[in-house]
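Hi everyone, thanks for coming. Please bring up the structure on your screens, and we'll walk through it together.

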Amino acid sequence: QVQLVESGGGLVQAGGSLRLSCVPSGRTRSMAVMGWFRQAPGKEREFVVSISWSGGSTYYADSVKGRFTISRDNAKNTVYLQMNTLKPEDTAVYYCAARVIGYSDYSHWGQGTQVTVSS
């Protein structure tokens, strides 16, 4: 099993920045990919960005390209989501998720952290 704990959400004005963190624990050697998803009120959960755990390859949703950056600090065993130029439509609960080796779906999820962007 892999456990994920997010932190760093909050309230920010449009145009501002926030950095989210996700710390995995447990069977982290089984992880292939870590990703961030978000869910706004009344909407489906949507993919935001992912990073491969071994090689660092990244993939971004078009809506966040150029504004969000995912990175990982292997020494701290932490994945970060730097969010710049935030917009009100970025308001959502952000979830960290992990996909383990050999599986195509994200099977492990954090508890979520609220990001609210005011206009």
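Let's begin with Arg-67: at 9% relative accessibility, this residue counts as buried, where buried means under 20% relative accessible area, exposed means over 50%, and partly exposed is in between, using a 1.4 Å probe and protein chains only. Before going on, a word on the model: it is predicted, so local features need pLDDT of at least 70 and side-chain atom pairs count only at pLDDT 80 or more, while totals for chains, interfaces and linings use all residues. Residues are numbered from 1 along each chain as its sequence is written, and side-chain values use heavy atoms, with hydrogens and water left out.

Back to our arginine. Which side chain does Arg-67 meet in a salt bridge? The partner is Asp-90, with 2.7 Å from N to O. A salt bridge here is a side-chain nitrogen of Lys or Arg within 4 Å of a carboxyl oxygen of Asp or Glu. In general, side chains of opposite charge can pair when their charged atoms come close.

Now find the two partners along the chain. Arg-67 is in the loop between strand E6 (58–60) and E7, Asp-90 is in the loop between E8 and E9, and the pair links these distant parts, 23 residues apart. The strand names come from DSSP: strands are runs of E with at least two residues, helices are runs of H or I with at least four, and both are numbered from the N terminus.

Is Asp-90 buried or exposed? At 0% relative accessibility, Asp-90 counts as buried. Asp-90 also has a salt bridge to Arg-38, at 2.9 Å from N to O. That pair again links distant parts of the chain, since Arg-38 is in strand E4 (residues 31–39), 52 residues from Asp-90. Arg-38 counts as buried too, at 5% relative accessibility.

Arg-38 has another partner: Arg-38 forms a salt bridge with Glu-46, and the closest N and O atoms are 2.6 Å apart. Glu-46, at 34% relative accessibility, counts as partly exposed.

Let's move on to the rings. How many aromatic pairs are there? The count comes to 5. A pair of aromatic rings is described by the distance of the centres and the angle of the planes. Here, rings of Phe, Tyr and Trp (its six-membered ring) pair if their centres lie within 6.5 Å; planes under 30 degrees apart count as stacked, over 60 as edge-to-face, and the rest as tilted.

Take Phe-37 and Tyr-106: their pair is edge-to-face, with 4.9 Å centre to centre and 80 degrees between the planes. Phe-37 lies in strand E4 and Tyr-106 in the loop between E9 and strand E10 (108–109), so the pair ties together parts that are 69 residues apart in sequence. Phe-37 counts as buried at 11% relative accessibility, and Tyr-106 is buried with a relative accessible area of 16%.

Tyr-106 also pairs with Trp-109: the ring centres are 6.3 Å apart and the planes are at 55 degrees, so this pair is tilted. Trp-109 counts as partly exposed, at 30% relative accessibility. One aromatic cluster is formed by Phe-37, Phe-47, Tyr-59, Tyr-106 and Trp-109.

Stay with Trp-109, which lies in strand E10. The charged end of Arg-45 sits over the Trp-109 ring, 3.8 Å from its centre; for this, NZ of Lys or CZ of Arg must be within 6 Å of the ring centre and within 35 degrees of the ring normal. Likewise, Arg-99 lies over the face of Tyr-106, at 5.6 Å from the ring centre.

To finish, look at the sheet. Which order do the strands take? An open sheet is formed by 4 strands in the order E1-E3-E8-E7, with antiparallel pairing. Two strands pair if DSSP finds at least two bridges between them. The edge strands, E1 (2–7) and E7 (68–73), each pair on one side only. Within the sheet, 5 bridges join strand E3 (residues 18–26) to strand E8 (residues 78–83), and Ser-21 has Tyr-80 in E8 as its bridge partner.
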